[in-house]
Amino acid sequence: MTERIGATRRGNNTSILGVGALTGVFLFLALLMATFSKDAGMEYQALTFMVLGGVFLIATAMWAGGLVDRDPFDESEYENTLVKFGVAASMFWGIAGLLVGVVIALQLTWPSIFYFPELGWTNFGRLRPLHTSAVIFAFGGNVLLATSFYVVQRTCRTRLAGGMWPWFVFWGYQIFIVLAATGYLLGITQSKEYAEPEWYVDLWLTLVWVVYLLVFLGTLWKRKEPHIYVANWFYLSFIVTIAMLHIVNNLSIPVSLTGSKSVQVFAGVQDAMTQWWYGHNAVGFFLTTGFLAIMYYFIPKQVNRPVFSYRLSIVHFWSLIFIYIWAGPHHLHYTALPQWAQTLGMTFSVMLWMPSWGGMINGVMTLSGAWDKLRTDPVVRMMVVSLAFYGMSTFEGPLMSVRAVNSLSHYTEWGIGHVHSGALGWVGYISFGALYCLVPWLYKKKGLFSKSLVEWHFWISTIGIIFYMVSMWFAGIMEGLMWRAYNEYGFLEYSFVETVEAKHISYMIRALGGLLYFSGAAIMAYNLVRTALGHGEAEDLETANDPYAQPEPRAALAPAE
């Protein structure tokens with residue numbers, strides 16, 4: 001036993017030295033870039049990295065020097081502190097991303113009021129990628145980091161592998177977010193949808209993501225449970241596939257090693273195909289399989305019921321990951337992409353109905369025997385409604401991939417409505433539900449600060465989503481019909497500006513819906529902070545000292561058949 005403990009300590013000390021050395025190397029490279037930068041943007045980005053990386057290096061040195069009160073690598077406990085940091089980061093970036101979304105919705109609605117020519121960093125072209133990256137990668141990414149680190153420990157009954165390396169993943173990811181966000185405001189972008197950060201940010205994220213994969217695999221490797229729970233398969237597919245997508249889509253050649261600009265390796269229709277192979281599968285594996293992993297753990301755990309069908313979850317997993325990867329070409333109907341490739345994307349998109357709805361049904365039917373939870377537990381209601389939005393979005397997506405429908409819907413506000421029904425309803429609600437579960441569990445509280453605030457959050461946000469979706473559906477279909485209308489002379493009936501003017505009322509309703517959704521998220525943040533502080537109904541919970549003696553309840557995680 002003494003030898004094993006000594007080996008563990010040596011391994012953790014090695015991880016601290018490794019993280020410190022790697023961070024120090026990149027700080028030196030950042031210093032060189034700042035000193036010899038070819039443009040002001042790169043200089044600002046390098047200095048930003050030096051500040052953030054320096055703070056992390058100091059924190060690492062404090063741990064190595066024993067200046068932290070607790071043993072940060074105690075193998076007799078789960079790594080809960082890192083998960084707490086992930087929850088806090090998720091709340092912060094979620095509020096920030098949604099706020100920027102409200103701002104750009106107002107800019108589109110009343111440009112004469114919310115456009116500031118003298119402040120170039122506030123224009124729509126820079127704030128829009130800031131919004132999408134903040135809500136997808138900053139909020140969604142931190143939710144996935146926090147929940148994956150929480151779930152893999154509980155379902156494997158072991159502490160996170162790697163010692164200091166999981167902390168490198170967390171702080172390295174925050175550095176990536178800040179570099180990407182500040183780069184957008186500075187006008188630094190490679191102009192690829194969902195992949196705007198430039199080459200040096202992409203390289204840093206690649207390093208962080210590889211370490212994330214190794215930490216996750218290492219935790220699975222040293223598990224004390226022989227069975228690998230299905231949520232971990234979904235997390236693993238999300239991590240591996242996103243790494244592949246990120247590397248291939250961002251292949252580029254820097255104009256200068258000390259400059260912010262790069263040139264893409266792919267060009268023309270090959271670049272478009274690669275971009276939408278990445279873009280659609282970022283949705284498929286970042287915003288779907290990762291959050292399905294959350295569904296497969298948190299819904300059974302919250303209702304204390306087994307997964308409805310474990311066999312169906314396996315079929316769901318393999319069919320989803322096989323089919324999804326082929327669906328990207330449906331974004332390129334009526335373009336220079338060969339017709340066979342367009343048809344291939346459309347066909348596989350339609351096939352996605354089956355595994356998507358299989359997973360939705362599996363999640364909803366997990367409530368069998370606990371349907372009263374929909375009435376008594378607003379957190380469960382939020383997560384189940386997220387599945388309803390998942391089912392609706394995965395019906396609408398294949399429908400929009402059909403060429404005849406796509407000819408009307410593409411480039412219109414219908415696409416915006418579709419994306420946000422999935423993002424706000426599915427991703428947002430399952431994430432909120434997971435955060436509502438995690439905070440009482442992590443801080444050992446009997447419940448949330450206020451269950452009534454969860455009710456307010458649910459209903460305000462749901463009304464906001466409905467306003468958003470319906471207004472964009474109406475605007476998109478109207479817009480598409482106006483674009484294809486001809487007069488008796490064979491000329492277009494409406495000019496482009498007339499279609500924009502016709503959408504103004506819908507834009508106003510969209511802005512109101514976004515504001516309501518943001519308000520709900522602010523209520524959630526307040527509720528979770530008060531819960532962590534132990535206020536209201538969040539009383540302390542008596543727990544056993546040895547967490548490994550308390551495995552996950554088999555009623556929640558065991559196969560039903």
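Aspartate 271 and lysine 192 form a salt bridge in which the closest N and O atoms are 3.0 Å apart, a salt bridge being a side-chain nitrogen of Lys or Arg within 4 Å of a carboxyl oxygen of Asp or Glu. Because aspartate 271 lies in helix α9 (residues 268–303) and lysine 192 in the loop between α6 and α7, this pair ties together parts that are 79 residues apart in sequence; helices (H or I, at least four residues) are DSSP runs, numbered from the N terminus. Lysine 192 is buried, with a relative accessible area of 4%, where buried means under 20% relative accessible area, exposed over 50%, and partly exposed in between (1.4 Å probe, protein chains only).

The structure is a predicted model, in which local features need pLDDT of at least 70 and side-chain atom pairs count only at pLDDT 80 or more, whereas totals for chains, interfaces and linings use all residues. Residues are numbered from 1 along each chain as its sequence is written, and side-chain values use heavy atoms, with hydrogens and water left out.

A search of the whole structure finds 8 salt bridges. One of them joins the side chains of arginine 157 and glutamate 225, at 3.9 Å from N to O. Arginine 157 is placed in the loop between α5 (124–156) and α6 (165–186) and glutamate 225 in the loop between α7 (199–221) and α8 (230–249), so this pair ties together parts that are 68 residues apart in sequence. Arginine 157 counts as partly exposed at 22% relative accessibility, while glutamate 225, at 15%, counts as buried.

A further salt bridge is formed by the side chains of glutamate 479 and lysine 503, with an N to O distance of 2.7 Å. Here the pair links distant parts of the chain, 24 residues apart, with glutamate 479 in helix α17 (residues 451–483) and lysine 503 in the loop between α18 (496–502) and α19 (504–533).

When residues up to four places away in sequence are not counted, methionine 50 touches Leu27, Ala30, Leu31 and Ala34, contact meaning heavy atoms within 4.5 Å. The C-alpha atoms of methionine 50 and tryptophan 276, which are 226 residues apart along the chain, are separated by 34 Å.

Technical notes:
Helix = DSSP H or I, 4+ residues; strand = E, 2+ residues; numbered from the N terminus.
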